[in-house]
Structures are given as structure tokens and as C-alpha cells.
Amino acid sequence: MSAAVESSVALRITDVGMRFGGLWALSEVTFDVVRGSVVGLIGPNGSGKTTLMNVISGVYKPTTGEVTYAGKRIADVPTHDVCHLGIARTFQIVKPFASLSVRENVAVGAMYGREGAKRSTRASFERAQELLEVVGLARVAERPASDLTIPDRKRLEVAKALALDPDVLLLDEVMAGLNATEVEEALELLRDVNKRGVTLIVVEHLMKAIVSISTTVVVLAEGRKIAQGAPSDVLASQQVIEAYLGSRWVKRQEQLAEIEAEREQAKRVQPPQAGA
Amino acid sequence: MKRIGLGGITGNPGAFAIVLGLMVLLLAVPLTHNGYVETVFRNILMYAAMAYGWNLIGGYTGYVSFGNVAFFGLGAYCSGVLAAHGVSNLFAYVALAMVVCAVFAVIVGFPVLRLKGHYFGIATLGVALAVADIIANLDVLGGSSGLAMHQLDEAHFSTYYYAMWLVALGSMLGTYFIARSKLGYAFVAIRENEDAAAVLGIAATRYKIIAWAISGMMAGSAGAIFAPANGFIDPSITFAVDSNVFPIVMTILGGSGTVAGPFIGSLLLAGANELLQRFFVKAHTLFFGAMIVLIVLLLPRGLVWLFGLRGGVRAWIKSVQVYRA
């Protein structure tokens, strides 16, 4: 591999396997994340998306394989230093500091994230306010985080992650529970973040959102990577359809198609008979 | 946990202003009262300093320590040792106590603060018992028969009061400035969700040890002044169950995780305890216990919480229900 290609790789996920008891939640997952790209990570429920996010962000140490970022193995870095490398994440199950205000929640990230050491307490609050405006939470900045609705908590998660000044941002279902307009807003926000040079890894169930934002889509099923490529190619793949809708569904579709074809044929054959 | 009317990371500002005002008033106690009353108020200030210490680790950081009396005792013995070597400067007592307690907190905290929840509480209880036992068996420190300390004469006896006042004030202001700093936010983030705190770049173990060390310095300073003021120390006095439990109860009653709470709790609890002892010589602990149960039931977030409550009795009943739910 040439040096230019090498340096454009932000995250390298190599042969990652993760076992919980007797269950392999992930096995032999390998892919590279190119700097500046948007990787959509999709797969049916229980396919290992969140587990992979946890491995990438250093919350879990993988049973096999490794995730490297800028040449460093994530598993060797303590959880609290992963964000200092430049990797930030949101949680699918949101984790706000309930007794702190919305602004304080974000300020904590600004205080202890990658640029935190350089920021005063005051500068951290100013940064937090800026980010709240970016994600559209400025109106509730003073409220306790526990008062927020679920969509607003998702926004707060994004603001907290952005406060860490990341190069790579992992987003775990930040659009779940948003309505169509809100999804559009969220996509706009993510595109904007990506334009500023932040690499995104997005886990999402909303296919429309994934297709519209991703440069690459990686599909997991039962802990294995079954497809990777441009969104439209991946979604047309037989294997992906099978993973989502089941092989029986695919078989039935085939049978239905056969029956349909037979009928068509019968129709085409019949007229001469009728004429005879 | 929902927050109703607890204004910000330092708690209700009005409550803090009242507490500062009370502290200034307390300066006048030795001018008008000597002897018994002065001792009562000096003990209130002592408990306040210990409560502030507990508040940092238990209230702000969310790690319920049952071992802070170890710091109090260590602080007292620092004074005892210095006095035995002819040092009588109270500042020296406090300085040594702070250094010893901080070092002890770091050494013990490193293994102990990796534990979470109940395990941490039990381990700290063990630490306190162990320290008391070790001192009781060290002949250099007087063993279980203790150390007598030279006391100032009556004309200068109020020096102990003022010294304890300074220790309490220092603990209170220290808590205020720490809470508002980056450090305070790290503590609260750890309390609210340690995993989420780590993801935001907070090295939890490091900050827990810092919280415990400062906590220990506050309790140790109180012990360092208590020893000469009391004139005598032994393991049963300096590692008393009361000295361990009172600061915890005071902080929770006053409002844990606030700057005003520990002082308000100490003032009311130590004051009430003193009055009950006077009027009910035998049954005072019964009333004392009943009072604590009532306050916990009716003021689940402590007395400071009342300051931020708007809407009268109805709002209060509703809030109690919210906290119970």
C-alpha cells in the first residue's frame, strides 16, 4: 500500500472478534475508515453494531484482532484517553449527567476533552454554548438535563461528543425517535460536522438517512461483515436483503417470481389456444 | 435523580449567603460566652469541617465513605506527635495533618477507590478500624492509653475556637471554589455516571483520589485542632463512631453536594443533640434518632433544598412525592 493511501486511513479495524460467554457478538470484522469519510454501519437488530462501536471507542477490549487509530491500538489506551486521541462517541442509551444543566453537561466535555487542558472553566462554558446553538439546544441550556425529551437528549449526546473536539465521531442511533423534519435537520448538522473534516461512523436504522449521508456502508449480520461499498450497491445486494428480511422471505419472493413468470408464460401461450 | 430548586453546582446561592453570615456571627461566640457554650460551638465548627470533608467525596463525587474518621484521628495524632516534640504552633499542627492525610488518602485510595458502591463503603470502614487498631498498638503514640497534650491557659483558650473557625471556613470556601472549578465538574460527572465521565476524558480514579485527599485534609485539620483543645487523645476519642457517623448524617440532612448543606446540618444536628442531652438526659438519643428519621422522610434532599422550593406546602408535598418515586 502506498504512503498516501496509508495516511488517508483514519481507523483500521482488523479481524475484530468479541465474545460474551459462549456468544461471538463480533467475528472477523475487518475494514478501514478513510479520513474525512462517512461510514454508515447497518445491520439487523443484534448484529453487533453497538458492540463494534464499543470496541472502536475502547469501552470493550476485543477478544481477537485490533482497532488502530493513527498507529495506536485502541485497546492499549485507557477509556478516558480515547477521546484525547481524537475519537468521540455518543451512546445509544443516552447518558446525561442528570443533576447538571444542559450547558454544564456539554462544558464537562469541553473541560476534559482533547482541547480541555487549554481551556479555562469559562472558555469551556462559552464553547458549550456555541455547541448548544449548533445542535439547537440553546433554548434549554439552563434546564437540568433530566428534563430533556428523548430527541433533545440525543442532541445533547452529539453536543457532548463534539465538545471533545474529535477527528472521528461515532454516532450510535442519534436519529432514533426524531420526526422527518428533525431527521433532515440532524443530517444537515452531520454533513456540516463532516465538512469541517470530522470522520463519521454512523449507526442508524433509518435507511434513507444512511443512504443520504454515507460515503461507504458496512453491513453487519450476526456479528460478521457481509457487505461493504457504496450505499446503493450494498442495499441492492442479495446477501444484505437476506440478512434483513430473512432467507425464507427471499425464497418466497423467488417462488412468487416463478409463479408470476409461469402465469406470464401461460398468458402468452394461451391466446393461440383460445384462437384455435 | 431530578433536581428541583438546587441552584447549580454549589447549591442555592441564598443558602450559601446565609451560611457565610452565620459564620461571621459565630466569630462573636468567645466574646460573650466562655467554657461550655464555646466548646459546644467549637464542636459544631469541628463537625462542619468534617462534614465538608465528607461532602466532597460522598456528596460531590458520590462515593460514600465510612472511613473519614481515620483522617480526623490521624490529624489529631499529628498534633500529638508534634506536641511531644515541643511544637505548639497550631498552624504547624494543621499543616502536618494536611500533608499526612493527603499522602494517606493517595496511598489507600489507589486500591480502595477502584471499588464501587457498597464495596467502597465497606473498604473505607475497614480502613478506619485498621488505622485505629494500629495506633492503639503503637507504644510510641501512647497505645490505647493515649497522649496527654499541653493546653493553653484560660486567657488564651479561645485560640482553639478561632483556629477551628478558620478550619471550618477554609473547608467551606475550599468546597465553594473547588465545586465551581473544573475539579468540581469532574467530581459530579463521576457521581452521575462514571462510564460517561470516562468517555468525556475524565480519569475517574485520579479524580476520586484527589477528592478523597482533599476530603481527608479537611477532616485531618479538624482533628489537628481538636487534639490540643481537648488536651488528651486516645484511639477511642479520636476514632469515635460519632465522629464517623455525625458528619455523614449532617451532610445529608443539610444537603449533600451543596456548599451550604454541611454547615447547616452541623449547626442543627450538633445544636439539637446538645439541647436534647440537656433536657432528656437518658432518652436524648431516642429523640435524636426520631428527628433524623423525620428529616430524611420529609426533606429527602436536605434542608438546603427548602431554600430553592417555590410554591409553598403544596410544592413541597409534590416534590417529596417526586423524590420518593
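**A walk through chains A and B**

Six strands of chain A form an open sheet, in the order β6-β7-β8-β3-β9-β10, and the pairing is mixed. The model is predicted.

Start with β3 of chain A, residues 38-42. The strand is mostly covered, with five of its five residues buried. Which residues of β3(A) lie on each side? A:V38, A:G40 and A:I42 are on one side, A:V39 and A:L41 on the other, and all are buried. In β3(A), both faces are covered.

Now take the partners of β3(A). One of them is β8 of chain A, residues 199-203, which pairs with β3(A) in the parallel sense over four bridges. Within β8(A), A:L200 stands opposite A:V38. Another is β9(A), which runs parallel to β3(A) and is joined to it by four bridges. Here A:I42 has A:V219 of β9(A) as its bridge partner.

Move on to β9 of chain A, residues 216-221. With β10(A), this strand pairs in the antiparallel sense, over five bridges. One bridge sets A:V217 against A:G229 in β10(A). A helix covers ground here too. α10 of chain A, residues 238-245, packs on the sheet and touches β9 and β10 of chain A. The direction of α10(A) makes about 135° with that of β10(A).

Next comes a helix of chain A, α6, residues 150-162. α6(A) is mostly covered, since eleven of its 13 residues are buried. Those buried residues include charged side chains such as A:D152, A:R153 and A:K154. A:L156, A:V158 and A:L162 are also among them. What covers the buried residues of α6(A)? The cover includes β6, α4, α5 (121-135), β7 (168-172) and α7 (180-195) of chain A.

A:E104 lies in helix α4 of chain A. Why does A:E104 count as buried? A:E104 has 23 C-beta neighbours inside 10 Å, and the cut-off for a buried residue is 20 or more. A:E104 and A:A180 are 76 residues apart in sequence, and their C-alpha atoms are 29 Å apart in space.

Step back to chain A as a whole. The chain has eleven helices and ten strands. Its C-alpha atoms fill a box of roughly 95 × 45 × 40 Å along the principal axes. Of the 276 residues in chain A, 42% are buried. Among contacts in chain A with a separation of 6 or more, 65% come from residues 24 or more positions apart.

Chain A also meets chain B. In this contact, 23 residues of chain A touch 19 residues of chain B. On the side of chain A, two elements give two or more residues: α3 (79-85) and α4 (102-112). The most comes from α4(A), with six residues. By class, this side of chain A has ten nonpolar, nine polar and four charged residues.

Finally, turn to chain B. Its helix α4 runs over residues 69-84. These 16 residues should span 22 Å at 1.5 Å a residue, and the end C-alpha atoms are 22 Å apart, which agrees. Of the 16 residues of α4(B), 14 are buried, so the helix is largely enclosed by the rest of the structure. Just after α4(B), B:G86 takes a positive phi of about 85°.

Two other helices of chain B pack together. Two packed helices are described by the angle between their axes and the distance between the axes. For α5 (residues 90-112) and α10 (residues 204-230) of chain B, the axes come within 7 Å and cross at roughly 145°. The crossing of α5(B) past α10(B) is right-handed. The residues of this contact divide into 19 nonpolar, five polar and one charged.

Methods. Residues are numbered from 1 along each chain as its sequence is written. Chains are lettered from A and ligands numbered from 1 in the order in which they are written. This is a predicted model: local features need pLDDT of at least 70, side-chain atom pairs count only at pLDDT 80 or more; totals for chains, interfaces and linings use all residues. Two residues are in contact if their C-beta atoms, placed from the backbone, lie within 7 Å. Two strands pair if DSSP finds at least two bridges between them. Axes are lines fitted to C-alpha atoms, for helices over the stretch in contact, and angles run from 0 to 180 degrees between N-to-C directions. The expected span of a helix is 1.5 Å times one less than its number of residues. A residue is buried if 20 or more other C-beta atoms lie within 10 Å of its own, exposed if 12 or fewer, and partly exposed in between; C-beta atoms are placed from the backbone. A crossing is left-handed if the near helix is turned anticlockwise from the far one by less than a right angle, and right-handed if clockwise.
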